[in-house]
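Please look at the sequence and the structure below, and then read the report that follows with both at hand.

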Amino acid sequence: MANERTFLLTAVEPVATATWRLRLSGDTTGLCRAGQFVMVSVPGRYLRRPISVCDCEPGLLTLIVKVMGEGTAELVSLAPGTPLQLLCGLGNGFDIEATPRDKEAMIIGGGVGVAPLLLLCKQLREADRHVTAVLGFNTRADIFLERELEAAGADVIVATADGTAGCQGFVTDAIRMCSLKSDYFYACGPRPMLKAVCQQLRQAGEVSTEERMGCGAGICYGCTCQTTDGPKRTCKEGPVFKKEELVW
Amino acid sequence: MVDLSVNLGGIPLDNPIIPASGTCGFGLELNEWYDINILGAISLKGTTREARFGNALPRIAECRQGLINSVGLENPGIEKLLAEKIPALRAIYRKPIIANISGFCVEDFAFCAERAEGCADIDILEANVSCPNVHGGGMALGTDPKVAAEVTRAVKKASSKPVFVKLTPNVTDITAIARACEEAGADGLTVINTLLGMRIDIRTRKPVVAASTGGFSGPAVFPIALRAVWQVARACRIPVMGCGGVSTAEEVIEMMMAGASAVQVGSANLVDPMACKRIIEQLPEVMERLGLKDLKQLKIN
């Protein structure tokens, strides 16, 4: 159930180049579906910012914010103790049950798209699915969540475009080079990466897409995308779509 | 106890607050956030003769104190509005429904009005001659007094329902359009739709919205909307629904003092889905502070 809640910013920590981890305390009851997002109100900015939930424990919400413009820069410069108004529980989230029990799930992230994979990994592991995480970054300094995903029980493969860490190339190269197999995949990242992943992987899967949003609450139809099943709101029927729904 | 009720051209409303077309979907979208029966009325998303996907993405650009949208009248078409959207809304909502209709030529408006005529659940028709996001129609129809009057006459001819014409501020003299619509038989006017605006991403050197330009709305346009409402209310005798940048109960009262009979709240819903609820809850307190017992006959001295 989507609703507005007030959280307290408790910590802002750098995790990679221009990438910050925000820890927020507040009521997280019923909000912990992996792949959902929150709309964060930034003081002095008109629209809220859509940010995917990285991790969620009782009373504690973790967000990863990549500084893209003035709004996100202001968000990560807020002092701990600042109250933040969040629209919570937005979007459909990932479908854990789509991976058959005791089967292999591959979770694939590119750049800041790695953020929602942590909660996804934890929930897949809790549901007894095996998890291989494939993380793509431009360079070594951009890497984040590698250790956290390992700690959560995933086999982690890193790819960097410049070869400064892990396999050289994109996530699709790493999957090919390491002959990674899975029964179902989940992906989040830039659109060209999602397209390449969907074209390369034969197995079924789902991807979390990103669009510029107005309300994030299903009201304004600012983020409607075309799917094979007709127009759908990224913020409401998405942001996660089945591979076969997407129109490239 | 203060009295929040108003009369919108013969239609009694429990309060003057109406979420503006395009900022509340077809009602159910907003009802997920609160019980929309607290509203004065609701103005549904602009509907055209045929279904429309709307403009390419991105459709949203943030601005200081507002946003640009270029949604481009995404809607399922008039038939689906009547067969699915309105019955679904009516099943949970008892207050007046304003159906916002749009088109690319006079005949489109007449067609939608004629189809809507058979729908008893529609209380008011709002003819949108002011959408800045569709080419070859929409706003172009609302920038010429003769054409705006022609649309008004066609809709009035096709329908026995009260007809409000929603005006664009992107004209030299809004009162000329307003008077033309009044003379053509409009029962009321909605003032104003969005202002044509633009943003450019200075890194990519591309317009932020794919359609290049879009409709600018939000708190920044409130003074412009207020001025337009004031001008139109003085120039015409028919009721005006004030619209543009309203986000507080104080601004609702200010808009009514400028001559609005009811007030539409737009962009505020996109920042805070509970905006209309909060405004309705704040109104009594603000009225008491101002010594107002009701919202009728608010005027400037």
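Contact here means heavy atoms within 4.5 Å, and, leaving aside its neighbours within four places in sequence, Ile60(B) is in contact with Leu47(A), Arg212(A), Met213(A), Gly214(A), Cys220(A), Gly222(A), Leu67(B), Ile68(B), Asn69(B), Val208(B) and Val209(B). This is a predicted model, in which local features need pLDDT of at least 70, side-chain atom pairs count only at pLDDT 80 or more, and totals for chains, interfaces and linings use all residues. Residues are numbered from 1 along each chain as its sequence is written, chains are lettered from A and ligands numbered from 1 in the order in which they are written, and side-chain values use heavy atoms, with hydrogens and water left out.

Ile60(B) lies in strand β5 (residues 60-63) of chain B, where strands (E, at least two residues) are DSSP runs numbered from the N terminus. Because its relative accessibility is 2%, Ile60(B) counts as buried, a term for under 20% relative accessible area (1.4 Å probe, protein chains only). From Ile60(B) to Gly214(B) the C-alpha distance is 8.4 Å, although 154 residues separate them in sequence.

In chain A, five of the seven residues of strand β5 (residues 60-66) are buried, so this strand is largely enclosed by the rest of the structure. Its pairings, for which DSSP must find at least two bridges between two strands, are listed here.

| Strand paired with β5(A) | Sense | Bridges |
|---|---|---|
| β2(A), residues 19-25 | antiparallel | seven bridges |
| β4(A), residues 49-57 | antiparallel | four bridges |

Thr19(A) stands opposite Lys66(A) in β5(A), while Glu57(A) stands opposite Leu60(A) in β5(A). β4(A) and β5(A) form a hairpin with two residues between them, and Gly59(A) in the turn has a positive phi of about 85°.

How values were computed
Buried < 20%, exposed > 50% of the residue type's maximum accessible area, 1.4 Å probe, protein only.
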